[in-house]
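Biologist: Please pick one part of this model and take me through it closely. I want its surroundings, its ends and its packing, with the cut-offs spelled out.

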Amino acid sequence: MGQDQTKQQIEKGLQLYQSNQTEKALQVWMKVLEKNTNLVGRFRVLGCLVTAHSEMGRYKEMLKFAVVQIDTARELEDADFLLESYLNLARSNEKLCEFHKTITYCKTCLGLPGTRVGAQLGGQVSLSMGNAYLGLSLFQKALESFEKALRYAHNNDDAMLECRVCCSLGSFYAQVKESMKIALQHGDRPLQALCLLCFADIHRSRGDLETAFPRYDSAMSIMTEIGNRLGQVQVLLGVAKCWMARKALEKLSQLKLHCLSESIYRSKGLQRELRAHVVHFHECVEETELYCGLCGESIGERNSRLQALPCSHIFHFRCLQNNGTRSCPNCRRLSMKPGFV
């Protein structure tokens, strides 16, 4: 297959892909890959296959094509091709949660001499590196990488890169809103789905479950349309967390109701009704597991000062003072900076 024909077939695949005929596009590119012996043509079509499988959530296939692409780049002995293929390897491992490998490949990208990394792909490398550090809970390094990616985006007027960085940061509603506008302008369906998922997660974290549910529904529609299976799992996880939060809120409301009813019936001397609400109160406490992990008393029966540790376990303040240890009595994690509730 000649260079011109290869270019035409790649463009044909791109047109099919952009019109949501994904499987047909993949078939076209696979035929080009099978018939083509030109290394540059093979490299380009492998790049298309890597991107398509990434947006469809097929990350093992993405990694497979990224490995073939880097072998092709080595045969070409071109630093720019090597840079692009190492970046695709980094992204593939990032999606598969191989974060240490991601960071290694990103550092390899940044260390390649004589490439266009500073002008074009440096921001993408920093973004992938930031996501990997975030996955490893190395938050300071993650923020530094995201800041570098944003600088690349601003210096090169790369709105799409800026959108992806904002979506990785996630909790900044205004930035995600701006990202959604740009995604709509460019017709970028994968980025639209990611923005909707971020919106839903933000609303859920704020306790606005009624707004979160329709956002998850819209995100799921697009994730299903583009075939992103990991995205679908993330949406379902968010919906499950919404239902758990709703159930917890209902239980807390019941606890408040039983406490109020108990005080009313106690003041009126209605012992039968009082006993019934005391029983219901303790049943709710058992279901929600609201107990101090040290003294075993239920939390909420009396007005006591509570202390929440960074590991999220809650105790009576007096119990922790008497205990005298610097680690959580439940999970034994070191808890240097407790918070009060």
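**A close look at one helix**

Modeller: Take helix 3. The cover over its buried residues includes helix 1 (3-18), helix 2 (22-35), helix 4 (59-76) and helix 5 (79-95). Cover is counted by contact, meaning heavy atoms within 4.5 Å. Buried means under 20% relative accessible area, exposed over 50%, and partly exposed in between (1.4 Å probe, protein chains only). Helices (H or I, at least four residues) and strands (E, at least two) are DSSP runs, numbered from the N terminus.

This is a predicted model: local features need pLDDT of at least 70, side-chain atom pairs count only at pLDDT 80 or more, and totals for chains, interfaces and linings use all residues. Residues are numbered from 1 along each chain as its sequence is written, and side-chain values use heavy atoms, with hydrogens and water left out.

First, the setting. The protein chain holds 15 helices and 3 strands. It has 341 residues, of which 40% count as buried. Take contacts between residues at least 6 apart in sequence: 47% of them join residues at least 24 apart.

Now the helix itself. Helix 3 runs over residues 39-55, 17 residues in total. From first C-alpha to last it reaches 25 Å, close to the expected 24 Å. That expectation is 1.5 Å times one less than the number of residues. Its buried residues are G41, F43, V45, L46, G47, C48, L49, V50, A52, H53 and S54.

Next, the two ends. Just after helix 3 comes G57, with a positive phi of about 80 degrees.

Two packed helices are described by the angle between their axes and the distance between the axes. For helix 1 and helix 3 the angle is about 10 degrees and the axes are 10 Å apart. The two helices are therefore roughly parallel to each other. Axes are lines fitted to C-alpha atoms, for helices over the stretch in contact, and angles run from 0 to 180 degrees between N-to-C directions. Angles under 35 degrees count as roughly parallel, over 145 as roughly antiparallel, 65 to 115 as roughly perpendicular and the rest as oblique.

From helix 1, the residues T6, I10, L14 and Y17 meet G41, R44, V45, C48, T51, A52 and E55 in helix 3. By class, this contact has 6 nonpolar, 3 polar and 2 charged residues. Here Ala, Val, Leu, Ile, Met, Phe, Trp, Tyr, Cys and Pro count as nonpolar, Asp, Glu, Lys and Arg as charged, and the others, Gly among them, as polar.

Helix 4 supplies Q69. At 0% relative accessibility, Q69 is buried. Its side chain reaches the backbone oxygen of F43 at 3.3 Å. Leaving out residues up to four places away in sequence, Q69 touches F43, L46, G47, E84, S85 and N88.

Last, the link between two of the covering helices. E77 lies in the loop between helix 4 and helix 5. It has a positive phi of about 55 degrees, although it is not a glycine. At 70% relative accessibility, E77 counts as exposed.

Definitions and conventions:
Polar contact = N/O pair within 3.5 Å; in protein donor to acceptor, adjacent residues only side chain to side chain.
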